[in-house]
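Good morning, everyone, and thank you for making time for this.

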Amino acid sequence: MDLGARVEQGLTTDVPEAQKLIAEARRWLAERSIDQWQDPIPDRVLEEDVRRGHLFVVRADDGLAGMLAVARSDEDTWGPSSARALYVHRLAVAQRYRGAQLGPKLLRWAQAHAAEQGLDWLRLDCAASNPGLRRFYERDGFTYVRDTAVGSPDGRRTFSVSLYQRPIGAH
């Protein structure tokens, strides 16, 4: 199957399948004792991503192959910022496409999307306790900025995330 990673605007009808991608990732991470995405993401969060035009997906013959959400601000995680940045959230790839380099392709798409908007930075965060993902981002040209505490989507707990950024012209 060709996964040239044609990224499309996500639709409300994609939310159930997006939740399945996140659930797959949650299980995979939990099996490795990584405290990332262990708190369910409410449908309303993904529906709001769709409403705001922030959810993007990669479709395959057998369903969604990958997804991500992008936004022009992220005060909850990064605090107030005057940086001209695109923030990546909820990047997930279906387990059946692990190894197809879809994650890096989605990040390259986000980089190009940010460049089209005249932005200076691509920013993201991941669980501070996820060394494998941190190494992946660093190998992909992201620079570690700092760790910070964020609240879970349901507001029941806080946990530490590592913030990363790369200049738009870097890739």
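How many aromatic pairs does the count come to? Before I answer, please keep in mind that this is a predicted model, in which local features need pLDDT of at least 70 and side-chain atom pairs count only at pLDDT 80 or more, while totals for chains, interfaces and linings use all residues. Residues are numbered from 1 along each chain as its sequence is written, and side-chain values use heavy atoms, with hydrogens and water left out.

The count comes to six aromatic pairs, where rings of Phe, Tyr and Trp (its six-membered ring) pair if their centres lie within 6.5 Å, and where planes under 30 degrees apart count as stacked, over 60 as edge-to-face and the rest as tilted. One of the pairs is F56 with W109, whose ring centres are 4.6 Å apart and whose planes stand at 50°, so this pair is tilted. It links distant parts of the chain, because F56 sits in strand 2 and W109 in helix 4, 53 residues apart. When I say helix or strand, I mean DSSP runs numbered from the N terminus, with helices being H or I of at least four residues and strands being E of at least two.

Both F56 and W109 are buried, and buried here means under 20% relative accessible area, with exposed over 50% and partly exposed in between, using a 1.4 Å probe and protein chains only. The rings of Y137 and F142 have their centres 5.7 Å apart and their planes at 70°, so that pair is edge-to-face. Y137 is buried at 5% relative accessibility, and F142 is buried at 3%. Ring pairs also join F136, Y137, F142, Y144 and Y164 into a cluster.

Seven strands form an open sheet with mixed pairing, in the order 1-2-3-4-5-7-6, where two strands pair if DSSP finds at least two bridges between them. Strand 1 (7-9) and strand 6 stand at the edges with a single partner strand each, so one side of each is left without a neighbour in the sheet. From one strand to the next, the twist averages 35°, and for angles of this kind axes are lines fitted to C-alpha atoms, for helices over the stretch in contact, with values running from 0 to 180 degrees between N-to-C directions.

Strand 6 (residues 143-151) pairs with strand 7 (residues 158-167) in the antiparallel sense over eight bridges, and V150 stands opposite F159 in strand 7. In the hairpin of these two strands, with six residues between them, G155 takes a positive phi near 75°. Strand 3 (residues 63-71) and strand 4 (residues 85-93) also run antiparallel, joined by five bridges, and G66 stands opposite V93 in strand 4. Helix 5 (residues 131-139) packs on the sheet, touching strand 4, strand 5 (121-127), strand 6 and strand 7, and its direction makes about 165° with that of strand 5.

Next comes helix 4 (residues 102-116), whose 15 residues reach 21 Å from first C-alpha to last, close to the 21 Å expected; that expected span is 1.5 Å times one less than the number of residues. The buried residues of helix 4 include L106, W109 and A110. After the helix comes G118, with a positive phi near 75°.

What of the interior? The largest nonpolar core has 43 residues, of which M67, L68, V70, V88, L106 and Y137 touch the most other members; such a core is a set of buried Ala, Val, Leu, Ile, Met, Phe, Trp, Tyr and Cys residues joined through side-chain atoms within 4.5 Å. A second, separate core of seven residues includes W78, A85, Y87 and F159. Leaving out residues up to four places away in sequence, L68 touches, among others, F56, V88, L106, W109 and A110, where contact means heavy atoms within 4.5 Å. In soluble globular proteins, nonpolar side chains tend to be buried together.

R90, found in strand 4, has a phi near 55° and is buried, with a relative accessible area of 18%. Q101 has a phi near 60°, lies in the loop between strand 4 and helix 4, and counts as partly exposed at 49% relative accessibility.
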